[in-house]
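I set out to record how the parts of this chain meet each other. My entries follow the order in which I looked things up.

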Amino acid sequence: MDGVFRSGDRQMQLDLFVALPGDMAVRDQQDLMTHPFFSLAKSKRTEPIDYAAGDTRIRVEGTAEHGIATIWDADVLIWAASQLVEARDAGLRTARLLSATPHQILTFTGRGTSLRDYQRLRAALDRLQATTVVTNLRQPDLRRRHRFSWINEWKERTDAAGRPLGLELILPDWFYQGVLADAFVLTIERDYFGLTGGIERWLYRLARKHAGRQSEGWAFDFRHLHAKSGSLARFANFAIDLRTVARRQRLPGYRLAVERRPDGGERLRFAPQTYPQTRGINR
């Protein structure tokens, strides 16, 4: 689609949810935190992500034009999840069709508001729409597959000079239902948006999901992390990146330590630090 908003046009007669103003807690959907749904690289990735663990199956595909949505593009979905949970907790009606200004999304996710930032937001929306996911997660029959794009449709309203005024986007039912189920949402630190590396961002979300705020933390073998990430990097290079992230200690709320196993392999341990509680759901 061309992304141009036409007044009075409403797709599929969906109810419209107008984004709430003001500050709110940052919420993330747990399935997106623990499984490889996004590219961790800033360069365009067109090779599909194929992931299988136990009964779980995930395949993520992108187009030649846009590639697979990145973990930075997923900030739009974190914004959407935060909006929906905030509205639900306030007793307001929610919907899959969201209306917002680009400014609301950009400032919530810690971005600037220059023309370049608006252009990057448009590119993120294009990748989210062009990315196709097929998974059996949260299906009553594990042999059943759910196919969707991260954004079904999106439209933009501009002024006479072409400056962006507002956006409308339709979320897939798989994501929407997962956000509104209490057990599938966690509050994350706003400092997450300041993480610049794809692996750093992915590790933080993984740590928040598995280590949470347990005093003993959580540990993953390097090879398990490599498989779980969906990364195209060689294992040796991926291991170097893990050690670099552990050395820099930039993950908000967690201390990282590389541990040597008796068989010579390595594992990464996430240990929660003490920090102020974030308003919202703190599981």
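This is a predicted model: local features need pLDDT of at least 70, side-chain atom pairs count only at pLDDT 80 or more; totals for chains, interfaces and linings use all residues.

Entry one: the division. I looked up the domain bounds and found domain 1 at residues 14-188 and domain 2 at residues 196-275. I then looked up the separation of their C-alpha centres, which is 24 Å. To the contact, domain 1 contributes 21 residues and domain 2 contributes 19 residues.

Entry two: the buried area. I recalled that the size of an interface is often given as the accessible area lost when the parts come together. For domain 1 and domain 2 I noted a buried area of about 1,800 Å², with 53% of it on carbon and sulfur atoms.

I found two salt bridges between domain 1 and domain 2. I also looked up a salt bridge between Arg205 and Asp28, whose closest N and O atoms are 2.7 Å apart. Between the two domains, six residue pairs are in polar contact.

Entry four: the side of domain 1 that touches domain 2. The elements that give two or more residues to this side are α1 (30-34), β3 (49-53), α2 (75-89) and β10 (185-188). Of these, α1 gives the most, with four residues. Sorted by class, this side of domain 1 holds 13 nonpolar, three polar and five charged residues.

Methods: Residues are numbered from 1 along each chain as its sequence is written. Side-chain values use heavy atoms; hydrogens and water are left out. Domain bounds come from an automatic or database domain assignment. Contact means heavy atoms within 4.5 Å. Buried area is the accessible area (1.4 Å probe) that two parts lose on being put together, summed over both. A salt bridge is a side-chain nitrogen of Lys or Arg within 4 Å of a carboxyl oxygen of Asp or Glu. A polar contact is a pair of N or O atoms within 3.5 Å; within protein, one must be able to donate a hydrogen and the other to accept it, and residues adjacent in sequence count only if both atoms are side-chain atoms. Ala, Val, Leu, Ile, Met, Phe, Trp, Tyr, Cys and Pro count as nonpolar, Asp, Glu, Lys and Arg as charged, and the others, Gly among them, as polar.
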